[in-house]
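Please prepare a briefing on the structure shown below.

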Amino acid sequence: MSRKCIGCGATFQSYDPSLPGYVDNEKIDEALVCKRCFRIKNYGDYKIINELDDNNKKIFSAIMKKNDLVLFLCDILTLDESLSYINNFKSKVILVITKKDVLPKSVKESKLINYIKNNYKINVIDIIFVSANKNYNIDLLINIINKHKNSTKVYLVGNTNAGKSTLINALIKSYKKTDGYITTSSLPQTTINEIEVNLTSDLTLIDTPGLVNNDNYLTNCNINDIKKIMPKKEIKPRTYQMKPNQSLIIGDYARIDYLSDKKNSFTLYLSNDIKVKRINIDTNNYLRDLNLISFNLDDKKDIVIKGLCFCKITNSCKVNVYTKAGVNVFERNNLI
Ligand SMILES: Nc1nc2c(ncn2[C@@H]2O[C@H](COP(=O)(O)OP(=O)(O)OP(=O)(O)O)[C@@H](O)[C@H]2O)c(=O)[nH]1
Ligand SMILES: [Mg+2]
């Protein structure tokens, strides 16, 4: 039987270094990880493999038809209508919101859970927040899994970068007392194929390759920008009292022009590493070459630039948002 990489799940091969699972021919019988995983782990030498999404969709569709419990993982900056995927699963689904450590501590989980229940009509048996980095709710997650699973198998699915493999590594560490060995990275498409992990005698977790969202800012930029945009620490909300005809310049990534004639309060939630400037619209031309979307907002709306940030806006107003073409920019009721 062909052997597989324990880091990404790809079947080993030694004929094409540019394809998943490559190892040198002389190592193919004893290697544990492929060259790509080895380089990600040891050198942070990231390589994006873009052609995998069709295969990932097939894996996803196959899981939809199974009866085994599914954990659907999503991080807080990519919450959007793609959550409705959940309703296609035949089995029970638990929604796991990852990277809790980056959420401001002031944000109440119960409020967010109510928000998700009220705004997305999804069929889930539970919603739980976790942080693999801070070991938050890891034991609670296992208790919930044990309560609901109807076989020994539990699938972890979701968008690429949601934190599936990192969560499994945290569980391996906690339950098997060894280091997690699945490869993780901030680039999309790190996991290539399903990876089975026998966590306990009656619980096998199955990591899966994530779905790629082409409308996520992170899918549209290079590794240096990804590192800056992905929040690593607790987000410090930044509030701006906006006057008419002022504009927020969000790094090199986006611009929000405020076009109404009263004062208003904007609070930005994004990585602390991104610089934000407030300027007068008339006096500059920054980032105007980006794609423009206009909004007429009611009171208490957020503008979301998927994967990059969201902006909580207090009063009804008109805004122009400029960002990369193809990135999903949308309004929603205030999340926080
Ligand atoms: N701050 C924080 N970052 C996390 C956490 N979990 C994962 N990450 C980061 O999120 C990025 C993606 O993590 P992965 O575990 O590789 O994501 P994945 O869902 O397995 O992605 P694919 O294999 O591409 O589908 C990495 O840079 C992780 O370090 C967390 O709990 N907190
Ligand atoms: Mg993964």
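Are Ser165 and Thr191 buried or exposed? Both residues are buried, where buried means under 20% relative accessible area, exposed over 50% and partly exposed in between (1.4 Å probe, protein chains only). This is a predicted model, in which local features need pLDDT of at least 70, side-chain atom pairs count only at pLDDT 80 or more, and totals for chains, interfaces and linings use all residues. Residues are numbered from 1 along each chain as its sequence is written, chains are lettered from A and ligands numbered from 1 in the order in which they are written, and side-chain values use heavy atoms, with hydrogens and water left out.

**Magnesium site**

- Ser165 (OG) and Thr191 (OG1) coordinate the magnesium ion (ligand 2) at 2.0 to 2.1 Å. Donors are N, O and S atoms within 2.8 Å of the metal (3.2 Å for Na, K and Ca); water is not among the atoms, so sites may look incomplete.
- The pair links distant parts of the chain, 26 residues apart: Ser165 belongs to helix 5 (residues 164–176), and Thr191 to the loop between helix 5 and strand 5 (195–200). Helices (H or I, at least four residues) and strands (E, at least two) are DSSP runs, numbered from the N terminus.
- Asp207 lies in strand 6 (residues 203–207) and counts as buried because its relative accessibility is 0%.

- Polar contacts, defined for a ligand as pairs of N or O atoms within 3.5 Å, include one between a polar side-chain atom of Thr160 and an oxygen atom of ligand 1, at 2.6 Å.
- An N or O atom in the side chain of Lys99 is 3.1 Å from an oxygen atom of ligand 1, and a polar backbone atom of Ala162 is 3.2 Å from an oxygen atom of this ligand.
- Of the 650 Å² of accessible area that ligand 1 has on its own, the protein covers 92% (Shrake-Rupley method, 1.4 Å probe).

**Residues with positive phi**

- Lys99 is not a glycine, yet has a positive phi of about 60°. Lys99 is found in the loop between strand 2 (93–98) and helix 3 (109–119), and is partly exposed because its relative accessibility is 23%.
- Asn161, also not a glycine, has a positive phi of about 75°. Asn161 lies in the loop between strand 4 (153–158) and helix 5, and is buried because its relative accessible area is 16%.

**Other loop positions**

- Tyr217 lies in the loop between strand 6 and helix 6 (223–229) and is buried, with a relative accessible area of 2%. The C-alpha atoms of Tyr217 and Lys57, 160 residues apart along the chain, have a separation of 20 Å.
- Ser316 is in the loop between strand 14 (309–313) and strand 15 (317–323) and is partly exposed, with a relative accessible area of 37%. Ser316 and Ser260 are 56 residues apart along the chain, and their C-alpha atoms are separated by 8.7 Å.

Conventions: A polar contact is a pair of N or O atoms within 3.5 Å; within protein, one must be able to donate a hydrogen and the other to accept it, and residues adjacent in sequence count only if both atoms are side-chain atoms.
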